[in-house]
Amino acid sequence: MRFMLCTTLVSALLLPATLAAQAPVIDYHQHLFSPATAALVLGQPNSPGIVARDLIALLDSARIRRALVLSTAYTWGKASRAPVEREYEHVKEENDWTAQQVAQYPERLRAFCSLNPLKPYALEELARCSRDSMLHHGLKLHFGNSDVDLANPENVAQTRKIFAAANGYRMAIVVHMRTSIDNQRKYGADQARVFLNELLSAAPDVPVQIAHLAGSGGYSAATDSALGVFTDAIAKKDPRLKNVWFDAAVVVRPAMSADDLQRIAARIRQIGVGRVLYGSDAASNPFAYPRAGWAAFRRLPLTEAEFDVVAGNIAPYMRY
């Protein structure tokens, strides 16, 4: 996870210069990593992490003006990792570090705080973030990392409290909805219905961004099944979807078949391109950099007009 900077070669390979002018105005799915958090994730004590100036350089290379930075503080409470000492202190430190990094580029970057919603400190940390001038815009939840099991009523009830609290603080929510693959949690249409009925309904007044088109990157049958619940609800004009957006971060993989690309494009049209957001995820390797990610997204069989809509979408939580 050495995060710089062979973008020039990769970009030249993946993105023709003629596409640069059509780049998104905002990357809606980015992460920074403090050295401590990068060391935790990688097991490498000397990891430099990803800092704001690294991200700004990558955005400049892609001609993307702004980015939504989703704190990775939640990973200190990862369910499948052995507990760490002073866990909550580390969570606060990472959220605060992310805020400090983003504050260096306030016209370009916006930060959301993050946490594991099942932890005893979750509501306390959410309240603390809501009072922070850099973090009060929104909350990032990662159901897979936190092992929020949507088939577990207790998990759902606890997470519903977090959604309701964020709604009360008027904080937007970005959610990696795909449940834990490590722990082999069930995922598909049934879990998406739980999300729609129990969680989304608890946050009716704030925007909710569902990451990775309701998956975890790539596009599987389980992802399609879950996403189908939302496209059906959109078709029926379900009011619970009025504030819901979908990011397409790392959905398009390099070796994806034409059939898979067609399936994704069809779902995007069912969602409506006006609520689909571009995101590229953490810059952990050159193929995940913003410019390469946009080139990959453009492999979808969408029209130029549709790409232009996605590139220009501005969600409410990214408006000045």
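Arg63 is exposed, with a relative accessible area of 60%. Exposed means over 50% relative accessible area, buried under 20%, and partly exposed in between, with a 1.4 Å probe and protein chains only. The model is predicted: local features need pLDDT of at least 70, side-chain atom pairs count only at pLDDT 80 or more, and totals for chains, interfaces and linings use all residues. Residues are numbered from 1 along each chain as its sequence is written, and side-chain values use heavy atoms, with hydrogens and water left out.

Arg63 lies in the loop between helix H3 (52-62) and strand E2 (66-70). Helices (H or I, at least four residues) and strands (E, at least two) are DSSP runs, numbered from the N terminus. The backbone of Arg63 has a positive phi of about 60°, although Arg63 is not a glycine. Most residues other than glycine have a negative phi.

Asp281 also has a positive phi, of about 75°, and is not a glycine. Is Asp281 buried or exposed? At 17% relative accessibility, Asp281 counts as buried. Its place is in the loop between strand E8 (276-277) and H11.

Helix H11 covers residues 290-297, and seven of its eight residues are buried. The buried ones are Pro290, Arg291, Ala292, Gly293, Trp294, Ala295 and Phe297.

Now the helix packing. Two packed helices are described by the angle between their axes and the distance between the axes. Here axes are lines fitted to C-alpha atoms, for helices over the stretch in contact, and angles run from 0 to 180 degrees between N-to-C directions.

Take H4 (residues 87-102) and H5 to begin with. Their axes come within 11 Å and cross at roughly 25°. H4 and H5 are therefore roughly parallel to each other. The classes are roughly parallel under 35 degrees, roughly antiparallel over 145, roughly perpendicular from 65 to 115, and oblique for the rest. H4 passes H5 in a right-handed crossing. Right-handed means that the near helix is turned clockwise from the far one by less than a right angle, left-handed anticlockwise. Which residues of H4 and H5 make the contact? H4 supplies Tyr88, Val91, Lys92, Asn95 and Asp96, and H5 supplies Glu124, Glu125, Arg128 and Cys129. Contact means heavy atoms within 4.5 Å. By class, the contact of H4 with H5 has three nonpolar, one polar and five charged residues. Ala, Val, Leu, Ile, Met, Phe, Trp, Tyr, Cys and Pro count as nonpolar, Asp, Glu, Lys and Arg as charged, and the others, Gly among them, as polar.

H5 (residues 122-130) also packs with H7 (residues 153-169): the axes come within 10 Å and cross at roughly 15°. That makes H5 roughly parallel to H7. The crossing of H5 past H7 is right-handed. From H5, the contact uses Ala122, Leu123, Leu126, Ala127 and Ser130; from H7, Lys161, Ile162, Ala165, Ala166 and Tyr169. This contact has eight nonpolar, one polar and one charged residues.

Next, the cysteines. Cys129 is buried at a relative accessible area of 1%, and Cys113 is buried at 0%. How many disulfides does a search of the whole structure find? The search finds zero. A disulfide is a pair of cysteine sulfur atoms within 2.5 Å.

Arg178 counts as buried, at 14% relative accessibility. Phe143 is 35 residues away from Arg178 in sequence, but 6.3 Å away in space, C-alpha to C-alpha. Leaving aside neighbours within four places in sequence, Arg178 is in contact with Phe143, Gly144, Arg185, Tyr187, Ala214, Gly215 and Ser216.
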